[in-house]
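Thanks for coming. I have a few slides on one structure, and I will go through them in order.

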Amino acid sequence: MAELVGPILDVIKFISRNASKYLKYQREFTEYVDDFKQAQADLHAKEVDIQQQLKDEHHFGKMPKLEVERWFKKVEEKLTHAQHVEDKVSKGKYLFRSCLGKLVDESTQAMKEVHAEGRFSGSLMVNDPSTIAVNLPTPELTGAADVREEIYQYLMGDEVGMIGVCGMGGIGKTTIMKDVHNRLLKESKFRKLIWVTVSQNFDIQRLQKNITCQLKGNLSDDEDTIIRAGKLSEMLKGQGSYVLILDDVWKSFSLEDVGILKPTSNNGCKLVLTTRSERVVRSMGFKKVQVPCLSMEEAMDLFLSKVGLDILPDPTLESFLKIVVRECDGLPLAIVTLAGCMRGVTDPHVWENAIDELRGYIRNIHDVEDKVYGCLKFSYDRLKQRDQECFLYCALYPEDYAIIKEELIEHWLIEGLIDEMESRKSMESCGYSILQNLEENCLLERAERDSYNFRFIYKKTAHMHDVVRDMALHITRKRFMVKARMQLKELPKEEEWSEDFEKVSLMHNFISTIPQTIKFPKFPKLTTMLLSHNSLKEIPESFFQHFPNLKILDLSHNPFESLPESISSLEKLKVLLLTRCYRLKSITPVLKLQALKKLDLEGSGVKEIPQDLEMPVNLRYLNLKGTLHLKEIPKGLLSKLWRLQFLAIRSTLINADDMRELNKLEVFEGCFSNVGDLS
C-alpha cells in the first residue's frame, strides 16, 4: 500500500498544478490576450524590418540565406495560426476562457520563439550558386578591339592601377567594360570582381551600400558616413586582390570618403571607372583610355546585324543604308536605334524618305554627341502616338532603375494609353507587345536580370539607357516634373511647379514633411504623382486639393499614420498604392473614391475595413497581403466589389459564400473559411 502512495501523490500534484494553471488562464485571460497581441505585433514588425534589410542588400548574384527563408516560412505559419486563435477568442464564451487562455499562451510563446530566432549575424544574403562568376550579358560587340585590349593589359599588368574609360554618351563604354569583365572571369589573378553603377545623382551612402552588399557585409544607415567608410575599407582589405568597376560616373568624388582603397603594388587591386567627362578622369588621378567612334566598316557591320536585312542583291538599298550609317558618325547607340526602327524595311523609296527625314533632324548639328539625340528623336517620332506616350512614361523612374513591367503596364492601362478590352489578360498582352516594340526599337533595353519585391516574388523588368532617358526628359520638360532619386529633403520650390504639368515623380528621395500651407495653384492637367520611397510622416489636409484630376497616386513606402480626409475629393483617382505604409491604420477616406480601380495595401498597418461605407464599386485590383491587423473582410463586402479581377490576401479569412459574387475574378491569392462548394 505504501508503495502506491508516492505515485498517487505525484498524480494529485500534477492535476493540481494543471488545475491551478487553468484557473490562472481564467482569471488573467485579458493579460494573456494583451501579451498575445503584443507578440503578434512584434513579430510582424520584425518581419517588416528583415524584409527591408533584404531589399537593401539585394543585387545581382545574391540570394537570401537558407536560414532566412526558413525563418520567413515560420513567421508565415505562426502569424496565420495566430489569426485563427484570434478568431476563436473573438467568438469564444466566458466559460471556455481557461481553454482559450491556454491556446493564446501557446501561440504567444511560439511567436516569441520565432521572433528571437530572427537575429541573424552579418549579411542576410549569400552568393547565388547559379550566378557566381557570372558573365554579364552584353550585346554583340563591334569594334573597339584595341580599347578592350588596352584596358585588359592595364588590368593584368602592374604599372597602372586606376583606369578611367572615357567617351561620349552612347559610345559603348559600359558594353566594353562588361566584355572586359567577362574576360577577367577566365583569369585567376583576381579573387573578386565588383561592379557598381554610380549614376548622375551621386549618393555616397548608396555607393557604400552597393559595394558592401557585394562583399557579403552590412552597413547601418544610422552610422556616420566616415564610420561607414572605415568599415568598408576593412571589408575591402579582407578581399585580397579585386577589380572594382564604377560604371557611369558623372562627377569627381573622394575615394577615401567612400572607403575605397587605392591600388598599390602590395594589394594587387585595380579600379576602373567609366565616364563621359575627361575632367573626372584627370581630377581623380585615373589613367585615361579614350573610346573612339566606330569606323565606317565597323558601323556598317553593327547596323546590318540589327536591321535584319540582306542587302547584297540590291545595290540601291545598299547605298541608302550606307548613307544612314554615315549620318550616325560611328556612335553605336545611334546606329542600333536607327536600325531598330527600320528593321525589316526593304522598299528603297521608304529608305530614301527616311534619309530625308533623318537629315532634317541633324542637318545643322556639328557636335557629334548631339547627333545621338537627333537619331534617337528620329526613332521616337516614327513610333505610333500610343507607343510614344508609353515610352515617355518610363522617364518618370530614376536613372538606372529596374522598371517592373507589370507595374508599368498597369499604369499605362489607367492612363488610358491601352484601350479597354474584355479581360485584364488581353490588356496586359497588349502592354507586353508595346514593351517588345520599344525594346526592338532599342528605346528600352531588355533587363539584365529580374527584380524581386520584398516577398521574394520575381518580376520581369526593363531598363532605360541614360542617354535615351535624357532625350525623353527633354521631350517632356514642359509636361513632366521628374526629380526621382535627387536626394531631396523637401518638396520642390513653388516656382519650379507649372500648371501645365501632367505628371510628377519625386520617388526615392528623403522628403519628410509637406508644408501645411502651400501657395500652389490648382494643376488641372496633373494625372500622375509618384511619391513612393520617401519619409513622409504627415500629409496636410489641403495638399490634394491642388490636384483635382489625379488618376495615379503612389504613396508607398512612407511612414505616415493617416491619410487626410481631402483624399476623398480625388474623384478621378483610379490607382492608389499604399504598399508598406506600415503605420497607416485606417483607410476610411479611401473607400469614398468611386472611380478607384486599383488599391494596393500590401504590408500596411490597416486594422479594419468599415462595413457601413459605400465601397469603390469599380475596383478591379485589391491587394491586402500582409495587413496583419486586418481580422477579416466584412461579410457581404465582396458583393459590392463584384468587378474585382485580382484579389490577394494573406492571413485574413473570407467566407467562400462571398467569393461566389466575384464572377470576374481572374487571380486569387489567399485562403478561405467555410470553403463549401465554389462551383
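Please keep in mind that this is a predicted model. I start with a single contact between strands: Ile403 stands opposite Ala462, which belongs to E12. Together with E9 they make an open sheet of three strands, in the order E8-E12-E9, with antiparallel pairing. Which strands are at the edges? They are strand E8 (403-404) and strand E9 (445-446), and each of these pairs on one side only. For those new to sheets, strands pair through backbone hydrogen bonds, and the pairing is either parallel or antiparallel.

Next, a helix. H4 runs over residues 97-117, which is 21 residues. At 1.5 Å a residue it should span 30 Å, and its end C-alpha atoms are 30 Å apart, so the two values agree. Which residues of H4 are buried? Among them are Leu100, Val104, Met111 and Val114, but also Asp105, Ser107 and Thr108.

Now the aromatic rings. A pair of rings is described by the distance of the centres and the angle of the planes. How many aromatic pairs does the structure hold? There are twelve. One of them joins Phe202 and Phe253, which are stacked at 4.7 Å centre to centre, with 20° between the planes. Phe202 lies in the loop between strand E4 (192-199) and helix H7 (204-214), and Phe253 in the loop between strand E5 (242-249) and helix H9 (255-258), so the pair ties together parts that are 51 residues apart in sequence. Are these two rings' residues buried or exposed? Phe202 has a relative accessible area of 17% and counts as buried; Phe253, at 11%, is buried as well.

Another stacked pair is Tyr621 with Phe646: 4.2 Å centre to centre and 5° between the planes. Tyr621 is in strand E19 (residues 621-623) and Phe646 in strand E20 (residues 646-655), so this pair links parts 25 residues apart in sequence. Tyr621 is buried at 6% relative accessibility, and Phe646 is buried at 10%.

Tyr621 has a further contact: the charged end of Lys598 sits over its ring, 4.4 Å from the centre. Elsewhere, the charged end of Arg183 sits over the ring of Tyr152, 3.6 Å from its centre.

Terms used: Residues are numbered from 1 along each chain as its sequence is written. This is a predicted model: local features need pLDDT of at least 70, side-chain atom pairs count only at pLDDT 80 or more; totals for chains, interfaces and linings use all residues. Side-chain values use heavy atoms; hydrogens and water are left out. Rings of Phe, Tyr and Trp (its six-membered ring) pair if their centres lie within 6.5 Å; planes under 30 degrees apart count as stacked, over 60 as edge-to-face and the rest as tilted. Helices (H or I, at least four residues) and strands (E, at least two) are DSSP runs, numbered from the N terminus. Buried means under 20% relative accessible area, exposed over 50%, partly exposed in between (1.4 Å probe, protein chains only). A charge sits over a ring if NZ of Lys or CZ of Arg is within 6 Å of the ring centre and within 35 degrees of the ring normal. The expected span of a helix is 1.5 Å times one less than its number of residues. Two strands pair if DSSP finds at least two bridges between them.
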